[in-house]
Amino acid sequence: MTSTDITRAINDLLFTPGLDLGEAVERHFTPDYRQRTDGVWSDRASFVQHMTRLRSLVRSGDIEVHDELRDGPRYADRHTVTLTQHNGRTSRTEVYLFAQMAPDGRFQCVEETTLLVTGHPDDGNLGSVK
């Protein structure tokens, strides 16, 4: 299996509406996946619930990776996600991400910090799994 990265994961999760969410999650995240976003931990089930919510809100978007590093099972990046919601609001969020990759190349654990760059203050919650 080819190791995943944040671009492929976000594109499958949010910007490929024809792809089943369960399939997208399985493709990029291990069954024991955990994530900490802005200090709040969540498990894979909470992550899937958050992605389901995002898919219902997001009309389109893109991801721009500014920096990306790999060292064995460690992965880090700095990226910006731009989201346009069905209500027309657009937001840009910068993300600093550190991850542990499983031997099969999927994300096993992600710790990230987000910063809303532009958009409505309520849109800052789109990036977190709260």
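The model is predicted.

Start with the charged side chains. A salt bridge here needs a side-chain nitrogen of Lys or Arg within 4 Å of a carboxyl oxygen of Asp or Glu. By this rule the structure has 10 salt bridges.

Look for R8 and D5. These two residues form a salt bridge, and their closest N and O atoms are 3.1 Å apart. Are the two partners buried or exposed? D5 has a relative accessible area of 13%. Buried means under 20%, so D5 counts as buried. R8 has a relative accessible area of 37%, which makes R8 partly exposed.

Now move to R78 and D67. Their side chains meet in a salt bridge, with 2.9 Å from N to O. What does this pair tie together? R78 lies in strand β4, which covers residues 74-85. D67 lies in strand β3, which covers residues 58-71. The pair therefore ties together parts that are 11 residues apart in sequence. R78 is partly exposed, at 26% relative accessible area. D67 is also partly exposed, at 40%.

D71 has a relative accessibility of 46% and counts as partly exposed. R74 counts as partly exposed too, at 49%.

Some salt bridges share partners. In this way E26, R44, D104 and R106 are joined into one network.

Next, find helix α2 (residues 21-28) and helix α3 (residues 44-57). The two helices pack at an angle of about 130 degrees. Their axes are 11 Å apart. The crossing of α2 past α3 is right-handed.

Which residues make the contact? From α2 come L21, V25 and E26. From α3 come R44, V48, M51, T52 and R55. By class, this contact has 4 nonpolar, 1 polar and 3 charged residues.

Key:
Residues numbered from 1 in each chain as written. Predicted model: local features only at pLDDT ≥ 70, side-chain atom pairs only at ≥ 80, totals over all residues. Heavy atoms only, no water. Buried < 20%, exposed > 50% of the residue type's maximum accessible area, 1.4 Å probe, protein only. Helix = DSSP H or I, 4+ residues; strand = E, 2+ residues; numbered from the N terminus. Axes fitted to C-alpha atoms, helices over the stretch in contact; angles between N-to-C directions. Left-handed = near helix turned anticlockwise from the far one by under 90°. Contact = heavy atoms within 4.5 Å. Nonpolar A, V, L, I, M, F, W, Y, C, P; charged D, E, K, R; others polar.
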